[in-house]
Amino acid sequence: MEQPKRHIAILGSTGSIGTQALDVISRHEDMFEVELLTANNNSTLLIEQARRFNPSSVVICNPDLYDEVASALDPLYIKVFTGIDSMCELLKDPKIDIVLTAMVGFSGLRPTIAAIEAGHAIALANKETLVAAGGLIMPLARRYGTPILPVDSEHSAIFQCLQGEHARLEKILLTGSGGPFLHSTREQMAAATREQALNHPRWKMGAKVTIDSASLMNKGLELIEARWLFNVDPVDIEVVIHPQSIIHSMVQFSDGCVMAQLSQPDMRLPIQYALSYPQRIDLPTSRIDFPQLANLSFEKPDLDRFPCLGLAYEALEKGGNSTCAMNGANEVAVAAFLDGKIRFTDIPEVISTVMARCQYVADPDLEQIYSTDFEAKKLASEFIGGSMH
C-alpha cells in the first residue's frame with residue numbers, strides 16, 4: 001500500500017543542513033513534499049529553492065528582503081512572509097507532519113516551541129534549543145506527544161543504536177573528530193587564523209558549527225543535548241575523540257555490550273533517517289571499504305588545551321540556566337572570533353567570565369531563559385569590548 005507523503009517544513013533551508021535536507025527530498029519526491037521554507041538573509045537561494053520545490057509558503061526573516069522574495073515568487077502563487085512571528089504562526093498548519101529545525105543558534109528556540117505545541121514531529125538539528133532550555137523543551141514535547149528525532153550525526157547514531165533495545169543504557173560514548181586543532185599546541189591555537197579554524201578535516205558545515213568543532217564546544221553542546229534527548233545523567237556520557245569520523249557514537253549496555261553506528265561522514269544520512277523514520281530508504285553515499293580502513297583510533301579529550309568542553313561539563317553539572325548562559329556567551333565569542341575581534345583561545349575566556357557573572361536561576365521558566373540569553377550576550381559583548389583590548 002502506498003504511504004501518504006510526509007509534508008516537511010524546513011526552518012533554515014538555505015544553510016548547510018537545510019540544503020542537504022532538500023537534496024534528500026529531491027531523491028524521494030514520492031515520499032516527501034515541502035510545505036514551508038524559511039531563511040534569514042539568503043534571499044537568492046530561498047527564491048531558487050521555492051521555485052524548485054514549490055512550497056505553500058516561505059518566510060524571509062529579514063524584512064528588508066521581503067519585496068525581492070515576494071515579487072519573485074508572486075507568479076507561482078507561493079505565499080511570502082517575514083519575521084519570526086509569521087514563522088511561528090505558519091507552523092500551526094495541520095498539513096505539516098515534520099519540522100526540520102536547522103536554524104543556527106538560540107533563534108531556533110521559539111519556532112521549535114511553536115512546532116511542538118502544534119504537535120508536529122521535530123527533526124532537531126538546532127542543538128542550542130536543548131542546550132539553552134532542555135529542561136523545558138523535553139517535558140513540553142512529552143505533554144504534546146511530540147516525537148523529537150535527532151539530526152546531529154552523533155545523536156542520530158545513539159538513537160539508531162537504541163532501536164529495538166529494551167535493556168538499560170549504561171553509558172553513551174559520544175565521539176568527535178577533534179577538529180582541525182586536535183594536535184596543535186596552545187601557542188599554535190592562540191595564533192590560529194579564521195581560515196585555519198574553518199578548515200575542518202572531515203565535515204563540511206556552517207561557520208558557527210565549524211568553529212565550535214575546532215574549540216570542542218560542539219562536543220560540549222552535544223553532551224548537553226544527549227543528556228536531555230536520552231534522559232541520562234551527565235556522568236554517564238563519555239566524550240571520545242575519534243579522528244577518522246567513521247564511528248558516529250556508541251552505546252554501552254548493562255551487560256558490557258557496546259553498539260556502534262558506522263558510516264562515511266555524510267550529514268544526509270542522519271537527516272534522511274530523521275525524515276523517513278522508522279523506515280530506512282536508499283541513499284547514494286560512499287560506502288565503507290573495511291580493508292581500506294587503516295585504523296580506527298580513540299583518545300581522551302585534552303581539557304587543558306580545549307577548555308570549552310570542560311566548561312560544558314561544568315555548566316551541565318551546575319544545572320539551572322548555566323547551560324543557557326554558556327551558550328549565549330559562546331555565540332557572541334564565536335561571532336567575535338569570525339569578525340577578527342578576538343583570538344581563538346579567547347573564546348573559552350569569554351565563556352567562563354560570563355558564566356561566573358551571569359545571574360544564576362536554579363529552575364528557570366521560559367521568560368528567564370530568554371533574559372539569561374540576553375544577559376549572557378550583553379556581558380560577553382561588554383567583556384570583549386572592554387577587558388580584551
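Biologist: Why does Glu33 count as partly exposed?

Modeller: Glu33 has a relative accessibility of 34%, and since buried means under 20% relative accessible area, exposed over 50% and partly exposed in between (1.4 Å probe, protein chains only), Glu33 counts as partly exposed. Please keep in mind that this is a predicted model, in which local features need pLDDT of at least 70 and side-chain atom pairs count only at pLDDT 80 or more, while totals for chains, interfaces and linings use all residues. Residues are numbered from 1 along each chain as its sequence is written, and side-chain values use heavy atoms, with hydrogens and water left out.

Biologist: What makes the pair of Glu33 and Lys5 a salt bridge?

Modeller: A salt bridge is a side-chain nitrogen of Lys or Arg within 4 Å of a carboxyl oxygen of Asp or Glu, and the closest N and O atoms of Glu33 and Lys5 are 3.6 Å apart. Glu33 lies in strand 2 (residues 32–39) and Lys5 in the segment before strand 1 (6–11), so the pair ties together parts that are 28 residues apart in sequence; strands (E, at least two residues) and helices (H or I, at least four) are DSSP runs, numbered from the N terminus.

Biologist: Which residue forms a salt bridge with Glu154, and how far apart are the closest N and O atoms?

Modeller: The partner is Lys219, with the closest N and O atoms 2.8 Å apart. The pair links helix 7 (residues 153–162), which holds Glu154, to helix 11 (residues 217–229), which holds Lys219, across 65 residues. Glu154 counts as buried at 10% relative accessibility, and Lys219 counts as buried at 5%.

Biologist: Why are helix 2 and helix 3 called roughly parallel?

Modeller: Helix 2 (residues 43–53) and helix 3 (residues 66–73) pack at an angle of about 20 degrees, with their axes 10 Å apart. Angles under 35 degrees count as roughly parallel, over 145 as roughly antiparallel, 65 to 115 as roughly perpendicular and the rest as oblique, and therefore helix 2 and helix 3 are roughly parallel to each other.

Biologist: Why is helix 5 described as largely enclosed by the rest of the structure?

Modeller: Of the 9 residues of helix 5 (residues 109–117), 7 are buried, so helix 5 is largely enclosed by the rest of the structure. The buried residues are Leu109, Pro111, Thr112, Ile113, Ala114, Ala115 and Ile116, and helix 5 is followed by Gly119, whose phi is positive, near 80 degrees.

Key. Axes are lines fitted to C-alpha atoms, for helices over the stretch in contact, and angles run from 0 to 180 degrees between N-to-C directions.
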